[in-house]
Amino acid sequence: MDIIVIYCTVPKKNTAKNIANILLKHKLAACVSMVDKVTSKFSWEGEICEENEVLMMIKTRRTNYAKIKLVIEDMHPYSVPEIIALPIIDCSEDYLKWLIKETES
């Protein structure tokens, strides 16, 4: 199966919406789910930090990863954005067909 989910956190919902709109417009993703008010704790430059963020879950084909990564890097306000791709090992046949159809260029 050539389907992945890309996780990306952003500082504001508007940033997530703007990235999602570009990905959907260009058929790079079939769906972008946004979870608001995620608390992230992380180490940054020797400090333990805590931020409220929006988690984006981008459902797409593996072949779109490089283009999606470029879009995120271009639009993201962080110098080191989280861009993590996870493989989908199984999903419903209907969802898979829909995802493939929505990401055809």
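Mentor: Start with exposure. Buried means under 20% relative accessible area, exposed means over 50%, and partly exposed is in between, using a 1.4 Å probe and protein chains only. Lys-69, at 31% relative accessibility, counts as partly exposed.

Trainee: What kind of model is this, and how are residues numbered?
Mentor: This is a predicted model: local features need pLDDT of at least 70, side-chain atom pairs count only at pLDDT 80 or more, and totals for chains, interfaces and linings use all residues. Residues are numbered from 1 along each chain as its sequence is written, and side-chain values use heavy atoms, with hydrogens and water left out.

Trainee: Back to Lys-69. Which residue does Lys-69 form a salt bridge with?
Mentor: Glu-73, with the closest N and O atoms 3.1 Å apart. A salt bridge here is a side-chain nitrogen of Lys or Arg within 4 Å of a carboxyl oxygen of Asp or Glu. Glu-73 is partly exposed, at 38% relative accessible area.

Trainee: Where do Lys-69 and Glu-73 lie?
Mentor: Both are in helix α2, four residues apart, about one turn of the helix. Helices (H or I, at least four residues) and strands (E, at least two) are DSSP runs, numbered from the N terminus.

Trainee: How many salt bridges are there in the whole structure?
Mentor: A search finds four. One of them joins Asp-2 and Arg-62, with the closest N and O atoms 3.6 Å apart. Asp-2 sits in the segment before β1 and Arg-62 in the loop between β3 and α2, so the pair ties together parts 60 residues apart in sequence.

Trainee: Asp-2 and Arg-62: how exposed are they?
Mentor: Asp-2 is partly exposed, at 36%. Arg-62 is partly exposed too, at 45%.

Trainee: New topic. Which residues of α2 are buried?
Mentor: Ile-68, Val-71 and Ile-72, in a helix that covers residues 65–75. Seen down the axis of α2, these buried residues fall within an arc of 95°, so they line one face of the helix. That arc is taken from the directions from the helix axis to the C-beta atoms.

Trainee: And what's on the face turned away from the buried side?
Mentor: The exposed residues Ala-66, Lys-67, Leu-70 and Asp-74.

Trainee: What do the buried residues of α2 pack against?
Mentor: β1 (3–10), α1 (13–25) and β3 (47–61). Contact means heavy atoms within 4.5 Å.

Trainee: How do α1 and α2 cross?
Mentor: Their axes come within 10 Å and cross at roughly 145°. Axes are lines fitted to C-alpha atoms, for helices over the stretch in contact, and angles run from 0 to 180 degrees between N-to-C directions. On the α1 side, the contact is made by Thr-15, Asn-18, Ile-19, Ile-22 and Leu-23. On the α2 side, Ile-68, Val-71, Ile-72 and Met-75 make the contact.

Trainee: Last one. What about Thr-103: buried or exposed?
Mentor: Buried, at 4% relative accessibility. Thr-103 is in the segment after α3 (93–102). Leaving aside neighbours within four places in sequence, Thr-103 contacts Lys-27, Leu-28, Ala-29, Ala-30, Thr-60, Arg-61 and Asn-64.
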